[in-house]
Amino acid sequence: MKSLGDAKVGERVIIKHLRGGKDFTSRVAAMGFTLGVVITVLQNYGRGPVIVALRDSRVALGRGEAAKVLVVMESDEQAD
Amino acid sequence: MSRQTKHTITIALAGQPNVGKSTVFNMLTGLNQHVGNWPGKTVEQKVGEFIHDEKKIRLVDLPGTYSLTANSLEERIARDFIITERPDVIIVITNATDLECNFYLLTELLVLPVPLVVGINMMDVAEANGIRIETHVLAAALGVLVEPLIASKNQGVHELLEAAIQVAENPTPFDPKRPKIGVEHQRVINEIQTILNGQVPQLYPVDWVAIKLLEGDSQVTEMIQKNDPEGWDKIHALLLEHEDAYLDIASSRYEWIGRMIRAAIERPKVGAITITDRLDKVATHPFWGSLLLIGIFALVFFLTYRIAMPIVDWLGLDIIAPLSGWMKQLLSATPAWFSGLLVDGIINGAGTVFTFVPILVVFFIVMGLLEDIGYMARSAYVTDRLMHWMGLHGRSFLPLFLGFGCNVPAVMGSRIVENRRARLLTIMLTPLIPCTGRLAVITFLAPALFGKAAVLVITSLVAFNLLILMITGITIHRLVYKDEHVAFIMEMPLYHRPNLRTISLFVWHNTLSFLRKAGSIIVIMSAFVWLFSWLPNGNIQTSLLASLGRGLEPLGRWMGLGDWRLIVALLTSFVAKENTIATLGILFGPTSSAIGLATQVASVIAFPAALAFLVVQMTFIPCMATVAVIKQETGRWKYAFHNLGLLLVISFISGTIVYQIARLL
């Protein structure tokens with residue numbers, strides 16, 4: 001598992017775990033960040049917020065927030 | 001707030017952010033809307049009243065929220081309204097390009113005891129992005145009326161309203177599919193419901209309360225703790241075993257949504273590159289994005305100076321001044337205090353209010369346009385790192401930047417910052433952005449005071465203000481807000497064409513609310529300041545204001561400002577920042593020219609005091625128009641006074657430090 005902040009542009013990853021307080025997790029869950037959902041990383045310059053596509057929307061997450069979203073590569077998941 | 005008559009149909013308009021909800025609201029209500037605040041809250045409330053088919057309709061725009069859990073004030077307001085006010089019907093607006101996420105709010109609304117209809121907006125944008133939606137398939141799956149919309153072109157809005165009225169008038173057959181929670185948690189919910197039996201406050205549906213308890217909703221939890229302490233102990237034990245249930249509930253809602261929309265939606269092939277992808281390559285790029293942002297702002301200021309400023313000057317010189325002169329003549333028979341108060345106090349105050357309008361209009365057009373096309377989210381993305389540092393949000397950047405033109409639209413523009421604390425902090429820091437009024441004073445005085453070094457001094461003063469702004473921001477963030485992290489989670493809407501009507505109504509309502517609310521405060525304050533400069537005997541040199549200035553001389557000496565005339569000049573900048581110059585003109589006696597005045601002022605203050613005077617001028621209390629909009633936007637005088645106090649302290653400390661250091665040089 002790695003954090004969403006470490007995912008590279010174009011990678012498709014699956015959410016495995018959400019860290020942080022309930023305020024944060026329930027807020028992002030409402031926006032579609034639920035366990036098992038597939039996310040595509042659209043932009044990540046290694047600093048500043050990242051932009052991801054999930055479900056039908058695109059969402060920008062601050063670096064601190066991205067660090068709380070733990071993911072695995074979709075390809076690894078399928079290999080298991 | 002309750003239903004007035006039997007014939008009024010109350011419709012609540014719900015939807016997530018970025019679905020075009022306000023466009024729908026504007027199309028339905030036009031100018032028949034009232035913009036205020038939710039009772040006792042600082043959240044904007046828009047209510048429209050109109051007649052449709054001889055039926056009186058009251059349309060209440062709920063705050064745009066992603067869900068109905070008590071995470072934010074907006075979410076509480078939205079659900080409290082639905083549960084306690086019981087509108088006749090809810091219109092749920094969704095965005096065709098983002099149906100899956102938008103339906104999350106729908107899953108929460110479907111379990112509330114109010115019937116609803118669904119509008120799928122931006123069908124044209126969806127089509128342009130290769131998304132096709134069969135609304136009748138959706139309607140059949142959900143068991144509710146679903147209307148396709150292109151609200152920006154006024155397509156489908158009328159049909160949606162008819163559908164809502166039809167449902168409101170025949171509520172009994174309303175029996176939609178309701179989202180199912182996973183089996184395991186459904187069992188827990190049933191148990192909670194059994195324990196709750198009869199112990200839920202009136203109006204609250206017991207199954208809804210049970211779900212919210214399982215979701216760990218703070219407001220509902222508190223309500224049950226208070227209402228049913230015995231039952232709560234049992235429920236609490238049950239909840240402890242299912243602490244992570246809320247994530248499963250969110251997942252099960254999304255699974256349900258997936259099943260509902262699967263047959264109705266056709267998405268583009270994966271990997272298709274959209275216009276938004278292409279534009280974002282530039283707009284959200286760390287370098288090009290910043291460059292674009294700077295370019296846009298340069299354009300805004302160019303427009304302000306080329307279009308708004310000439311109109312402001314024209315209003316002042318060709319309308320207000322002759323009007324004042326004419327009024328003075330007309331009132332020449334009346335006592336001097338009367339014509340003075342009316343003309344120099346009230347008419348001049350009203351004049352000030354109107355001269356703001358051209359600047360406000362230009363700024364609001366730009367803000368409305370940037371928001372409407374979807375660029376606002378990108379500007380926030382680009383500036384977020386810088387803003388976060390001060391406890392602000394990326395969205396704070398735009399209003400703050402507008403402050404360079406005028407602090408008034410900057411304070412009003414802070415509405416786009418959703419996080420309450422970040423928004424309040426944005427408002428508090430805005431007066432430290434030097435507006436054109438403050439800059440006019442220093443550019444007028446600096447050449448006479450500092451000669452060749454004037455440009456260097458002016459630049460340093462602006463830099464100094466920004467430094468103070470950062471220090472203040474970081475300090476408030478650390479000390480008052482205890483470093484509370486402002487989460488940056490923001491949807492990036494697809495770009496789309498701007499809608500003239502949406503933008504015009506945005507400009508119209510913002511300008512009107514300034515004139516209505518801030519306007520009257522400004523006129524009253526202007527009258528008071530005039531009275532202070534006139535009483536007791538009609539001469540400013542011996543007026544109450546002058547006495548106040550003299551009384552403050554000991555304090556002024558700390559900053560090298562031992563001359564009461566300088567203090568009074570600062571005090572009158574409360575009316576309008578540029579007033580400092582006019583007051584100096586009056587107090588330093590008649591001079592033949594403006595240059596003469598600056599030299600005359602320069603002759604009475606030496607370098608350290610001159611520098612301190614300009615520093616104080618740049619950080620002194622905001623003008624009364626800014627104070628009035630701070631009250632208007634925060635809904636409390638408290639914050640306006642906090643801000644006055646804050647800037648008073650900042651200007652005193654800065655002035656003193658600068659003077660004491662400059663003296664040593």
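Student: How many cavities of 30 Å³ or more does the count come to?
Tutor: On a 1 Å grid over the protein atoms alone, a cavity is a set of points where a 1.4 Å probe fits but cannot get out. Grid points join across faces, edges and corners, and a volume is the space filled by probe spheres set on the points. For cavities of 30 Å³ or more, the count by this rule is 5.

Student: Which pLDDT do side-chain atom pairs need in this model?
Tutor: Residues are numbered from 1 along each chain as its sequence is written, chains are lettered from A and ligands numbered from 1 in the order in which they are written, and side-chain values use heavy atoms, leaving out hydrogens and water. The model is predicted: totals for chains, interfaces and linings use all residues, local features need pLDDT of at least 70, and side-chain atom pairs count only at pLDDT 80 or more.

Student: Which helix of chain A supplies at least two residues of the lining of the largest cavity?
Tutor: The largest cavity holds about 90 Å³ of space, and lining residues are those with an atom within 4 Å of a point. A:Ser26, A:Ala29 and A:Ala30 are among them, along with B:Tyr104 and B:Arg253. Helices are DSSP runs (H or I, at least four residues), numbered from the N terminus. Helices H3 (99–109) and H11 (245–261) of chain B each supply at least two lining residues, as does chain A's helix H1 (22–30).

Student: And which helix gives the most to the lining of the second largest cavity?
Tutor: About 50 Å³ of space lies in there. Its lining includes B:Thr107, B:Glu108, B:Trp208, B:Ile211 and B:Lys212. With 3 residues, the top contributor is H8(B).

Student: How are H7(B) and H8(B) set relative to each other?
Tutor: Axes are lines fitted to C-alpha atoms, for helices over the stretch in contact, with angles from 0 to 180 degrees between N-to-C directions. The axes of H7 (183–196) and H8 (206–214) of chain B come within 9 Å and cross at roughly 120°. Under 35 degrees counts as roughly parallel, over 145 as roughly antiparallel, 65 to 115 as roughly perpendicular, and the rest as oblique. H7(B) and H8(B) are therefore oblique.

Student: How many nonpolar residues does their contact have?
Tutor: Contact means heavy atoms within 4.5 Å, and B:Val188 and B:Ile192 of H7(B) and B:Val209 and B:Leu213 of H8(B) are among the residues making it. Ala, Val, Leu, Ile, Met, Phe, Trp, Tyr, Cys and Pro count as nonpolar, Asp, Glu, Lys and Arg as charged, and the others, Gly among them, as polar. Here there are 2 polar, 1 charged and, for nonpolar, 10.

Student: Which helix gives the most to the lining of the second largest pocket?
Tutor: A pocket is an open set with protein on both sides within 12 Å along at least five of seven lines, and this one holds about 1,500 Å³ of space. B:Thr352 and B:Asn579 are among the closest to its centre of the 48 lining residues. That lining has 23 nonpolar, 19 polar and 6 charged residues. With 11 residues, the most comes from H14(B).

Student: At roughly what angle do the axes of H24(B) and H25(B) cross?
Tutor: In H24(B), B:Trp564 and B:Leu566 are among the residues that meet H25(B), whose side includes B:Asn579 and B:Leu584. The axes come within 8 Å, and the crossing angle is roughly 145°.
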